[in-house]
Amino acid sequence: MEHFELKVNGQNVRVEASGEMPLLWVLRDKLNLCGTKYGCGVGVCGSCVVLVGEFAARACMVPLKQVAGKSVLTIEGLSKTGDHPLQRAWMELDVPQCGYCQAGQIMAAAALLRRKPNPTDADIDAAMSDVICRCGTYDRIRSAIKLAAQGAPGSEEEVPA
Amino acid sequence: MSLESVSRRDVLRVAAVAGTGLVLGCRLASPDSHARNLSHGEAQDGPVFEPNAWLKVLPNDDVVIVVARPDIGQGTRTSMAMIVAEELGVDWRKVKVEQAVADRKYGPMGVGGSASVRGSYAPLRRAGAAAREMLVAAAAAKWGVEASACRAENGVVLSGDNKLAFAALAADAAKLPVPANPTLKDPAAFTIIGKRTSRVDNRDVVTGRAVFGLDVRAVKAFRAAILRPRCFTGRISEFDDTEARKVEGVRDVFQLGTGVVVIGDTTHAAFEGRKRLKTTENPGPAGKVTSASIREAMRAAIQPWPEAPEGKVVEATFELPFLAHAPMEPQNCTVWIHDGVCEIWAPTQVPDSLLGQAARAAEVAPDKVTIHVPLIGGGFGRRLVSDFAMEAIEIAKRVGDPVQLVWSRDDDTRHDYYRPASHHALRAVLDASGKPIHWRHQYIQAGGRTNAGPYRAESLDYGFGSVEARGGSVATPVPTGAWRSVGHSHTGFVYEAFVDELATAAGQDPVAFRLAHIEDPRLRKALELCAEKANWGSKLPNGRGRGVACFADYGSYCVHIVEATMTKGGVKVNRVVSTVDCGIAINPGGVEQQILGGTVDGLSCALRAEITIENGGVVESSYRDFEWFRMKDAPRHEIHRIESRESPGGMGEVGVPGAPAALANAIFAATGTRYRNLPIRLA
């Protein structure tokens, strides 16, 4: 069987799987990192957003072979203790309802804040409209992103080497 | 086929414990951190005070509150536990919530009809109060004082200088009889109920540790995918699995019912194998049915109006489409049948009714079925039907090892139990003063399920004189079911849009017209407050309109005022102001969440969502074509809750029905055009 080496949440991992297997299923079924969710598998819902390097990517659309040698950050690796500014803001404003999409929302927001530490409403619309929340928590997500941007410096974030 | 189960021992132990009905019967071998701590923590080493099914005081002073109703996003795991904790008199920070394994001892476990809080409020209060009285009685006996001289708060019983923690009293309390009619707290003394409280699962959700159905890894399971016929009456008549079996990780392929199952080591393998099946589908008798043919049949079923009384006659027809539930987490179920027991992890809205169904399907005794309920990625009524669990059981029987059935998004969109499409004809007559004296409503729904139609037609919230509604259905092959707010998802729009037309016909302001006819003081107050908060009547920029809609049911009231602007591309919803009166709010933050989410649902239905039938099956396959509101669409939303001492009302659905009407009324205010068919397609 083929095998690939990549870095997930700062740790080197070796995965034996077809290079065509989407990163989503590598994470969920091979590495048992289930925080990254399956919502559509066709790149339209955003529940599986992770960071590949510095950028948000939909894990369902990224084949394993494409992330060989790269760094992947998932919700499990965003912070050691759940105290990333976005995670704290999400809890502070009680954003989640069913909670299923929220890992994708938070990871998309994390990518946004890396590019734009003080995003405008238009920035938030542009960056976050790829991630559907079927419970309709958008208004609170918007507020939580702003709260994280204001109140909490990005330096507390765990950045995988 | 064989499989090494990494945690087989764990599961067997748990199944055995569950079967004996011991105190620890509710412990799950799940990756959930709370459950794991309980299974391996001090709980087993000291006395556990468990006066009823709902709570346990552990030797380490933690209080475990068991929540029987599944959490599909409506917040039961928080609100139910708050009710027990309030009466018990415990420190909320010491509460750990445990999801009940399906068991008839909990009574109704289903979540639907906005009934969880309404149905559980009284029994959960009694459960908490009974335990509190037992702990107090134990303390009183120890100190030689009257129970009335003691009080329980924050997990301790106090009397004068005496003070003991619940855990220290648990062993004595457990020997006392359970009081049948404990004294409940005066709501004025509530310290937990009514306090804005964060969801108990928030930390697990934001760190990715929360375990939803698809995340169940308690057993190492094969993955299963099903290739289903595209047509509702279809059947896969032939298949060639040569290429499917060549896919790395595919273990088996077999026919099941009308479809074909692919078993894989991973979800990817099962999906890839399915993609490579060559199949022939026999579409069956309904292979030509289309949305248009269903719409024509509904229109044809409307009867001509009899003669109307004298006055100004207003008539209109409305059409609503089929809708999918489209929860973010596709249907799935993990099942392991072994040694005469059937273990199920099911994201279901009805764990108790699934028990019997599962026992029959698995061919094991009912007491040998264990149903674990994980967190659930949205329900909206979809998971009231347990079709996915029945499929998973059939597959597990065949496979013999643990199996996780995973529906793709395509499966979930095309094999739902849809909100029925409907057609409505309305006629009203106004007297010379503009008061409606005659209201008639004919409705035809596509699909035969009894609970899927407009069911509140006779109980308008207005004193409109003679009011009548009658309905029927046309048969279709489209499976239908309950969809968030059920009949109100039709009539909430139709009625409030038509009432707006009557206001226009009467030459009156939409808010003033409603206030002139609404009698219920709670609804009047909600409307008046909403108008005030939304600055009703103030001038808006050009191209922007403001619309109102009222709704009352489930013991709750909700009014929406929507501001919307006509843009080049369509409609932009700028602002929503809502008022809600739900009686006593268990968790005010949770109440607001339900209005926020329900409104997004209603607005999505108004502008985006539609399921289309072609050739006897569903056209849409994902959120790409079954569209829902996204961040760019979502308005700023102000929610004002009215304080009340009335019994708690239901909240899961009350935010949905009025939203599309308020939007359509806002579009009318902006453009002068009435849009009566959903989703709204601008001319």
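This is a predicted model: local features need pLDDT of at least 70, side-chain atom pairs count only at pLDDT 80 or more; totals for chains, interfaces and linings use all residues.
**Figure 1**
Chain A has 5 helices and 5 strands. Along the sequence they run β-β-α-β-β-β-α-α-α-α. The radius of gyration of chain A is 15 Å, close to the 15 Å that the globule rule gives for 161 residues, so chain A is as compact as a globular protein of that length. A box of roughly 45 × 30 × 25 Å, taken along the principal axes, holds the C-alpha atoms of chain A.

**Figure 1. The inside and the surface of chain A.**
Of the 161 residues in chain A, 63% are buried. Take the contacts in chain A between residues at least 6 apart in sequence: 59% of them join residues at least 24 apart. The accessible surface of chain A is about 5,800 Å². Carbon and sulfur atoms account for 49% of that surface. What charges do the side chains of chain A carry? There are 17 positive and 18 negative side chains. The centres of these two sets lie 2 Å apart.

A:Val52 belongs to strand β3 of chain A, which covers residues 49-52. Is A:Val52 buried or exposed? Its relative accessibility is 15%, and buried means under 20%, so A:Val52 counts as buried. Which residues does A:Val52 touch, leaving out those up to four places away in sequence? They are A:Leu23, A:Ala57, A:Val67, A:Lys70, A:Ser71 and A:Val72. One of these contacts, A:Lys70, is 18 residues from A:Val52 along the chain. The C-alpha atoms of A:Val52 and A:Lys70 are separated by 7.1 Å.

**Figure 2. Chain B, with its helices and strands.**
Chain B has 17 helices and 26 strands. It holds 683 residues, for which a compact globule would have a radius of gyration near 26 Å. The value for chain B is 27 Å, which agrees. The C-alpha atoms of chain B fill a box of roughly 80 × 75 × 40 Å along the principal axes. Among contacts in chain B between residues at least 6 apart in sequence, 76% link residues at least 24 apart.

**Figure 3. The inside and the surface of chain B.**
Buried residues make up 63% of chain B. Its accessible surface comes to about 24,600 Å². Of that surface, 49% belongs to carbon and sulfur atoms. Chain B carries 81 positive and 78 negative side chains. The centres of the two sets are 3 Å apart.

**Figure 4. Helix α8 of chain B.**
Helix α8 of chain B covers residues 267-275. How many of its 9 residues are buried? The count is 8, so helix α8 is largely enclosed by the rest of the structure. The buried residues in α8 of chain B include B:Thr267, B:His268, B:Ala269 and B:Ala270. B:Phe271, B:Glu272, B:Gly273 and B:Arg274 are buried too. An α-helix has 3.6 residues a turn, so residues three or four places apart point the same way.

**Figure 5. Cysteines and disulfides.**
A disulfide is a covalent bond between the sulfur atoms of two cysteines. How many disulfides does the structure hold over all chains? It holds 0. B:Cys605 counts as buried, at 8% relative accessibility. B:Cys150 also counts as buried, at 10% relative accessibility.

**Figure 6. Backbone details in chain B.**
Most residues other than glycine have a negative phi, and most peptide bonds are trans. B:Val486 is not a glycine, yet its phi is positive, at about 50°. B:Val486 sits in the loop between β20 (466-474) and α13 (488-505) of chain B. At 13% relative accessibility, B:Val486 counts as buried. B:Asn535 is not a glycine either, and its phi is positive at about 55°. The place of B:Asn535 is the loop between α15 (521-533) and β21 (544-553) of chain B. B:Asn535 counts as partly exposed, at 43% relative accessibility. Which two residues does a cis peptide bond join? They are B:Leu678 and B:Pro679, with omega about -10°. B:Pro679 lies in the segment after α17 (658-671) of chain B.

Methods: Residues are numbered from 1 along each chain as its sequence is written. Chains are lettered from A and ligands numbered from 1 in the order in which they are written. Side-chain values use heavy atoms; hydrogens and water are left out. Helices (H or I, at least four residues) and strands (E, at least two) are DSSP runs, numbered from the N terminus. The radius of gyration is taken over C-alpha atoms; the globule rule is 2.2 Å times the number of residues to the power 0.38. Buried means under 20% relative accessible area, exposed over 50%, partly exposed in between (1.4 Å probe, protein chains only). Contact means heavy atoms within 4.5 Å. Accessible areas come from the Shrake-Rupley method with a 1.4 Å probe; for residues, only the protein chains shown count as cover. Lys and Arg count as positive and Asp and Glu as negative; His and the chain ends are not counted. The place of a charge is taken as NZ of Lys, CZ of Arg, CG of Asp or CD of Glu. A disulfide is a pair of cysteine sulfur atoms within 2.5 Å.
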